[in-house]
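These are my notebook entries on one protein chain.

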Amino acid sequence: MAEDALTDMAGVRIQVNNCTVNVENFLIFMISVDYQPDMEEEALKAFAVAARSSLYAHLNRYLQETAAESDGEEQNYKTIHADKLGVMYDEPAEMVCVFSEAAGLEGKEHWADIYDYVKKAVEMTGGQYLVCTDKGRETEAAEAESVPVDVLWHGCSAGNTRFYEGNLTGQEDGISLYSPQLKSMDGKDGEFSRAVTITVYSRRELAQLLWEIPGTEDILEKEKILSSYITIENRDSSGYITEMSLGNREMTGEEAAQLLQVSSGCFYVSDLSDDSLKIVTFGIGRGYGMSLAGASAMALQGADYREILEYYFPVCGVNNFTSLGTE
């Protein structure tokens with residue numbers, strides 16, 4: 001079934017607003033969401049393979065689910081709207097903004113040059129995606145060799161990446177990105193290690209962020225310290241918050257990070273005074289899978305894209321599906 005789904009992808013077009021692109025070119029829309037300025041070429045190639053693998057996995061699931069719902073009737077998979085795939089992507093105008101901002105940091109490159117740079121990485125890795133090579137899985141070996149793995153990535157780790165176990169291949173197999181002995185691993189972020197940011201909120205600013213959260217209605221009252229509205233209950237082995245509450249609402253660190261407008265779910269809070277709160281945040285993003293900053297740091301030290309992928313996804317290997325061309 002997996003091989004049939006991959007074959008179907010050869011003719012797939014993905015619709016984004018009023019334009020349609022093939023699978024390979026849609027990867028550029030996905031990469032632009034997390035693109036980092038001055039990414040090393042080998043790191044960008046590793047990112048392209050990871051993004052392609054994730055896209056293949058989501059396409060695989062969509063095609064299989066659609067086929068199951070059709071009760072055997074022939075379906076036309078030639079055009080699929082991007083919103084149906086469950087992947088993060090930028091629309092063309094948003095992508096221009098992302099690449100323009102990246103170019104502005106250096107003041108030298110036009111966004112179109114960055115677009116060409118990303119497209120080159122996609123083309124140089126054309127058709128390559130990740131499969132699970134963990135021989136301990138119950139899935140038949142032949143099928144495991146062709147099923148794309150929905151791998152994860154993030155901007156910069158909080159020192160160590162996070163252990164993840166879940167449904168990565170569209171099957172209820174609970175495979176892990178890492179071998180069992182690697183519950184977390186060095187993010188390899190180099191000079192960007194831990195990516196520390198400090199955010200300070202006044203009482204009024206915090207009240208504006210949390211005004212819809214039950215249990216924070218009295219936040220403007222002077223007698224209550226601000227940190228009392230934030231209760232952190234559990235962290236994982238890499239320091240990311242797994243259980244906490246803001247006011248009376250229980251949530252994960254990632255959910256709280258969005259509300260507090262900080263860069264990751266690995267953060268610590270303290271009171272600066274009666275009327276201000278300090279949040280110290282480590283890393284950028286969810287912390288799962290490949291650190292893009294770490295990939296660039298590894299590339300600077302001479303690692304090629306396959307070595308980068310092998311490091312971050314030690315139970316995965318690179319497969320090749322050559323039927324998908326670029327425009």
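**Entry 1: the chain as a whole.** I looked up contacts first, a contact being heavy atoms within 4.5 Å. Among the contacts with a separation of 6 or more, 68% are between residues 24 or more positions apart. I note that this is a predicted model, in which local features need pLDDT of at least 70 and side-chain atom pairs count only at pLDDT 80 or more, while totals for chains, interfaces and linings use all residues. Residues are numbered from 1 along each chain as its sequence is written, and side-chain values use heavy atoms, with hydrogens and water left out.

I then looked up the secondary structure and found ten helices and 15 strands in the chain. Helices (H or I, at least four residues) and strands (E, at least two) are DSSP runs numbered from the N terminus. Of the 327 residues, 50% are buried. Buried means under 20% relative accessible area, exposed means over 50%, and partly exposed lies in between (1.4 Å probe, protein chains only).

**Entry 2: strand 1 and its partners.** I asked which strands pair with strand 1; two strands pair if DSSP finds at least two bridges between them. Strand 1 runs parallel to strand 3 (residues 79-81), joined by three bridges, and Ile 14 stands opposite Ile 80 there. With strand 2 (residues 19-22), strand 1 pairs in the antiparallel sense over four bridges. Arg 13 has Asn 22 as its bridge partner in strand 2. The hairpin of strand 1 and strand 2 has two residues between the strands, and Asn 17 takes a positive phi near 55°. I also recorded the two faces of strand 1: Ile 14 and Val 16 are on the covered face, Arg 13 and Gln 15 on the uncovered one.

**Entry 3: the nonpolar cores.** In soluble globular proteins, nonpolar side chains tend to be buried together. A nonpolar core here is a set of buried Ala, Val, Leu, Ile, Met, Phe, Trp, Tyr and Cys residues joined through side-chain atoms within 4.5 Å. The largest core has 60 residues, and Phe 26, Met 30, Phe 47, Leu 55, Met 290 and Ile 308 touch the most other members. Elements that each supply at least two residues of this core include strand 1 (13-16), helix 2 (23-34), helix 4 (92-106) and helix 10. Helix 3 gives the most, with 13 residues.

I followed Phe 26 further. Leaving aside residues up to four places away in sequence, Phe 26 touches Ile 14, Val 16, Val 21, Leu 55, Ala 82, Val 87 and Tyr 89. A second, separate core has 21 residues, including Tyr 201 and Ile 230.

**Entry 4: aromatic rings.** I counted ring pairs by this rule: rings of Phe, Tyr and Trp (its six-membered ring) pair if their centres lie within 6.5 Å, with planes under 30 degrees apart counted as stacked, over 60 as edge-to-face and the rest as tilted. The structure holds eight such pairs. In one of them, Tyr 35 and Phe 99 have ring centres 5.3 Å apart and planes at 75°, so the pair is edge-to-face. This pair links distant parts of the chain, 64 residues apart: Tyr 35 is in the loop between helix 2 and helix 3, and Phe 99 is in helix 4. Tyr 35 is buried because its relative accessibility is 9%, and Phe 99 is buried because its value is 0%.

Tyr 311 and Tyr 312 are also edge-to-face, with centres 5.0 Å apart and planes at 85°. Tyr 311 is partly exposed at 22%, whereas Tyr 312 is buried at 0%. Phe 26, Phe 29 and Tyr 89 form one aromatic cluster.

Entry 5: How many disulfides does the rule give? A disulfide is a pair of cysteine sulfur atoms within 2.5 Å, and the count comes to zero. Cys 19 is partly exposed, at 28% relative accessible area, and Cys 156 is buried, at 2%.

Ser 263 lies in the loop between helix 8 (253-260) and strand 12 (267-273). With residues up to four places away in sequence not counted, Ser 263 touches Thr 197, Thr 281, Gly 283, Ile 284 and Gly 285.
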